[in-house]
Amino acid sequence: MHRVLQQMLLLGCATWAVAACAEMAPPPGAGRAGDAAATADVYAMSDFSRVRKYDAHVHANTTGTAFLEQARADGFELMSINVDYPDFPTLETQHAAALALAAAEPARFHWATTFPMDGFGEPGWADTVAAALARDVAQGARAVKIWKNVGMVEKDADGRLIMLDHPGLAPVAERIRALGVALIGHQGEPHNCWLPLEEMTTDNDREYFRNHPEYHMYLHPEEPGYEDQIAARDRFLAAHPRLRFVGAHLGSLEYDVDRLAAFLDRFPHATVDLAARMSQVQYQSVRDRDKVRDFFIRYQDRVLYGTDLTLGPDADPDEFRRQAHAVWRADWRYLATAESQRVETIDADVPGLALPRDVVDKIYHANAARVFAPAPAEN
């Protein structure tokens, strides 16, 4: 079970691929005189390329420049996140790519480092990790990533799964805090992973788990449940209240903006990114657009735009650029305008949220610039 989990892809690819292929529908009807889209305070599609933006969750796993070129064309800064994921290039290769791209365009390309779990629990492991992270931050890393292998794959010497709140990870968390950078945490999976197929909310999740039952946690009640993963994450944050934390993929609370709001209320130093979870948000907004729109406005300082777009060494650069441009424009259409688009993975025409310009400016740039700005390190 745990061996195959190590080979699991970041469940974001299908989501953004569907968004890229979304069939555009006409704008919603004209009977919305009170809607914010009717005011000059809302962006249009024509504003997309000129507005400063920041994709806070991507993976540039090659020294090829296609990602940078498209980001430049579309007005994006990038946060490229290194991940200890077996299907990605080695951590050394990811590190080298990050250094090369950051050197080529330091104002546009930023990166997050990570650490392997090999040797966890052995004497000196935490000190070795802390020294490596300090080196990476000195080289320009703006954050540290901890992936879902913690909680779903890695085991301690007694054969028990290592959850995020394991005491052995506490010294690493405190070192990250002292280094003045954020911790990006991806724990658990989409809520759909623990549901029967017929109750899942998006077709891409339903198709994936139908074809890969070994990854469908509903079929594996012996493994930690969804609430176990969330509770471990929350205990970890309660134990490290001064740590800057970014909950990747909407903190695995993507299915319910009310529950996500409660999480943000409880942990004032936490933010979340939207990477690879836009369709789950759209599923909710089709049912209650005002509720979802109000969430983004209320928590406008706590949400980072992100996609999970990934460029590997074997990708076709031109095709990647086309897909990245399509994903970025589709998300802009949803968040920034009132225009509607067809989202096949939820089989619905989804009206845009038409968020106010100042809200869009924060979600698309200011929040990430603040969260990933390095603070003075402590001795």
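I began with a bridge: Thr 113 has Val 144 of strand 4 as its partner. The model is predicted, and I keep that in mind throughout.

I then followed the chain. Strand 3 (residues 109–114) pairs with strand 4 over three bridges, in the parallel sense.

Next I checked strand 5 (residues 182–185). Strand 4 pairs with strand 5 in the parallel sense too, over four bridges. Here I found Ile 184 of strand 5 opposite Lys 145.

Are the faces of strand 4 (residues 143–146) buried or exposed? I found both covered. Ala 143 and Lys 145 are buried on one side, Val 144 and Ile 146 on the other.

I turned to the largest pocket. I noted about 310 Å³ of space in it. Its lining has 16 residues; Leu 91, Thr 114, Pro 116, Ala 132 and Arg 135 are the closest to its centre. Helix 4 (91–104), strand 3 and helix 5 each give two or more residues to this lining. Helix 5 gives the most, six residues. I read the lining as six nonpolar, six polar and four charged residues.

Last, the second largest pocket. I noted about 220 Å³ of space there. Of its 14 lining residues, Thr 310, Leu 311, Gly 312, Pro 313 and Ala 315 lie nearest the centre. Strand 9 (310–311) and helix 14 (317–336) each supply two or more. Helix 14 has the largest share, three residues. This lining divides into seven nonpolar, four polar and three charged residues.

How values were computed. Residues are numbered from 1 along each chain as its sequence is written. This is a predicted model: local features need pLDDT of at least 70, side-chain atom pairs count only at pLDDT 80 or more; totals for chains, interfaces and linings use all residues. Side-chain values use heavy atoms; hydrogens and water are left out. Buried means under 20% relative accessible area, exposed over 50%, partly exposed in between (1.4 Å probe, protein chains only). Two strands pair if DSSP finds at least two bridges between them. On a 1 Å grid over the protein atoms alone, a cavity is a set of points where a 1.4 Å probe fits but cannot get out, and a pocket is an open set with protein on both sides within 12 Å along at least five of seven lines; lining residues have an atom within 4 Å of a point. Grid points are joined across faces, edges and corners, and a volume is the space filled by probe spheres set on the points. Ala, Val, Leu, Ile, Met, Phe, Trp, Tyr, Cys and Pro count as nonpolar, Asp, Glu, Lys and Arg as charged, and the others, Gly among them, as polar.
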